[in-house]
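User: I have a structure here that I have not seen before. Can you walk me through a few parts of it?
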Amino acid sequence: MDAADLSHHTSRRFNEDLEQVRSKVLAMGGLVEEQLRRAMTALADADSSLGRAVAHEDHKVNGMELSIDEECSRILATRAPAAGDLRMVVATIKAITDLERVGDECEKIGLIAARLAGEVQPADRYREVRELGREVQLQLHESLDAFARLDAPQALRAARSDRSVDDAYDAIQRQGMTRMLEDPQQIRRQFDLIAVARALERIGDHAKNLCEYVIYTVSGRDVRHSSLDQVERELAARGG
Amino acid sequence: MKQWPDWALVLRAAASVALLAAAGALLGSFRDLAWAGAAIVLAITLVLQWLRSAQLLRWLRTRSIADAPDANGLRGELVAQIVRLLRSRQRRKRQLMRLLRTVRRATAALPEGVVMLSEQAEIAWFNRAAARLLRLSRKSDRGLRIDNLLRQPEFVDYLRGRRYDAPVRVRMGMVPEQFLNLQLVHFGEGQLLLLVSDATHENQVEAMRKDFVANASHELRSPLTVIAGYLETLAADDGIEPALQGPMREMRRQAERMQGIIADLLSLSRLETGDPEVAGEPVDVGLLLKQVERDILSRQQRPRLVHSTAESNQWLRGDHDQLYSLVRNLMENAANYTPADGEVRARWWVDAAGGHLAVTDTGIGIAADHIPRLTERFYRVDVGRSRATGGSGLGLAIVKHVLQKHGGRLEIASVEGRGSSFTCHFPAERLLRRPASRAAAAL
């Protein structure tokens, strides 16, 4: 086997390694999406055992983070990737941290849902929070799709939807405070609901981070502190 | 077809070469250079031949039938044969293309989604229905791994599990909520075919059925409680005519049985909804066995020996109430179908494969052809007998569902007339050391 052949062989193995890691990240994303869906179902259906199950299963997400992190370290140490590959590995390491945090937020929502299930549920089954939940679920899904496809324009679109999530969170917070003033009996419940909304808003932020890593991987540009409009213009200028 | 060129053509070619050579020799003979003349003419002929061969080659490279060079003789025949070959190839290609287009159109028209996957589970091709159901994009999604886009844990586990005998149901999208059945099929060398069908309606019907059973049982429970309550009060009344006391007892017994059936239906429907797997808390299986053993021993009619042993002090992570009803159903079944001189033994042990719970009896046993259907609801091996024992007919269905929720499975072995054994296998991940606080309290 000559040298060129060997290097070709190594690079193919390397690509397979990278693909494998990416798949694991996306499987972790799928698990986190499922956790979020179940946590929100537990809240809407006042299902305390489901809420507790979500909290209990957060360890699966944590376990995946550890194993992917280890694999990334191994790739960095043994393959010394450069350019696009390096960006991919760096983005992966960052992405799993965000996904793990999303898992933690789901755990919180699950526990609160389990607690609220013991109380009388209002007739609208927390409509505003459920709607926010749906929006965040969609945003997370789109972000992970963009990550799977390495699709910068899609990532940009998903990142933009974070703004409306933030607005919805503000609205729920204001409404919660008004209700607390009207009826002090509700203070505890409203605090719980605001905590759920807060967790959802945080999940939205993590989803937005995922989108930024996609743009970083594709274009090599760190967009964490740039406005989205500026990024869009640049992406358009690159003909992407 | 002839093996060797037509002799006529060869002879004609040879004759024309000889003629040319002779003409050259004749020309050369004017200056006594007959050989040189012949040689020069032959050389010119040869060069011309090369040029024509080159022309033929150039034409062959273009593979265009329309540009076929004019030629006659041996070369003409060659050109004609090549043109014929090209024509038949073109025809075959057209046929294949037509077939391919038909196949494509047919698969595109399929209401079911079809995705072709490579050995690495990368998307190679998919039809229109698959694009619609899975929200795949023709432009960007070829070559992507399918599990990167279909990230539902159920599907990811299914794909990696490599056991594709049954489809898997996944949820897709949120508004409106959609359910898909996904089935993988092996084909070619390591490639996979993913079949996708919409199961939203199916799912709805199932949900409606479950809701109906749950609601109906729930609605039946309250009136029955009233009836059973009055029957109990009346039975305690001494003023009742002796002739009515027999029927009274029977009415009470049947009311109790109905309550039992409804309670089982409700717990079954609770098992069916809810989470597919319970997280649960630590449960002491040995203690559960002892509790149920005590209940059965306190009965008037029971087998001679009812005994339980816990050979391991490891606990099981699960739902306490569900596991209790699993143990109760198995041991009561065993006691009900075992004569008074028989034995019922329950045993809990742990090995490398996980935790095991076996209930063995020396009862009447079950014929082999009934065993696969035993866990169906209301399935009765012997209608008269099982009604007499007062079972609900739902016990083993409950056992099966509880096991499903704990990642376990049920194994049934039986010899007619000799006895049966029901063994529950639990995965090793569900085993726990005895919790420290309880252990300390037990001392």
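User: Which residues is Thr375(B) in contact with, leaving aside its neighbours within four places in sequence?
Analyst: This is a predicted model. In it, Thr375(B) touches Leu396(B), Ala397(B), Lys400(B) and Leu410(B), once neighbours within four places in sequence are set aside.
User: And where does Thr375(B) lie?
Analyst: In chain B, in the loop between β10 (354–361) and α11 (383–389).
User: Is Thr375(B) buried or exposed?
Analyst: Thr375(B) has a relative accessible area of 17%, and the cut-off for buried is under 20%, so Thr375(B) counts as buried.
User: What about Met258(B), how accessible is that one?
Analyst: Met258(B) counts as partly exposed because its relative accessibility is 45%. Its place is in helix α8 (residues 242–272) of chain B.
User: How far apart are Met258(B) and Leu357(B)?
Analyst: In sequence, 99 residues; in space, 29 Å from C-alpha to C-alpha.
User: Switching to strands. What is the order of the open sheet of three strands in chain B?
Analyst: The order is β6-β8-β13, and the pairing is antiparallel. β6 (281–283) and β13 (431–432) are at the edges; each has a single partner strand, so one side of each has no neighbour in the sheet.
User: How many bridges join β8 to β13(B)?
Analyst: Two bridges link β13(B) with β8 (residues 315–318) of chain B, and these strands run antiparallel. Leu316(B) has Leu431(B) in β13(B) as its bridge partner.
User: What holds strands of a sheet together as pairs?
Analyst: In general, strands pair through backbone hydrogen bonds, either parallel or antiparallel.
User: Now chain A. How many helices and strands does chain A have?
Analyst: Nine helices and zero strands. Of the 240 residues in chain A, 48% are buried. The C-alpha atoms of chain A fill a box of roughly 80 × 40 × 20 Å along the principal axes.
User: At what angle do helices α5 and α7 of chain A cross?
Analyst: Roughly 160°, with the axes of α5 (residues 127–149) and α7 (residues 162–182) coming within 10 Å. That angle makes α5(A) roughly antiparallel to α7(A). The crossing is left-handed.
User: Which residues of α5(A) and α7(A) meet?
Analyst: On the α5(A) side they include Val129(A), Leu132(A) and Val136(A), and on the α7(A) side Val165(A), Ala168(A) and Ile172(A) are among them. By class, the contact has seven nonpolar, three polar and four charged residues.
User: What share of the contacts in chain A with a separation of 6 or more is between residues 24 or more positions apart?
Analyst: Such residues account for 82% of those contacts in chain A.

Technical notes: Residues numbered from 1 in each chain as written. Chains lettered and ligands numbered in written order. Predicted model: local features only at pLDDT ≥ 70, side-chain atom pairs only at ≥ 80, totals over all residues. Heavy atoms only, no water. Axes fitted to C-alpha atoms, helices over the stretch in contact; angles between N-to-C directions. Helix = DSSP H or I, 4+ residues; strand = E, 2+ residues; numbered from the N terminus. Parallel < 35°, antiparallel > 145°, perpendicular 65-115°, else oblique. Left-handed = near helix turned anticlockwise from the far one by under 90°. Contact = heavy atoms within 4.5 Å. Nonpolar A, V, L, I, M, F, W, Y, C, P; charged D, E, K, R; others polar. Buried < 20%, exposed > 50% of the residue type's maximum accessible area, 1.4 Å probe, protein only. Pairing = 2+ DSSP bridges.
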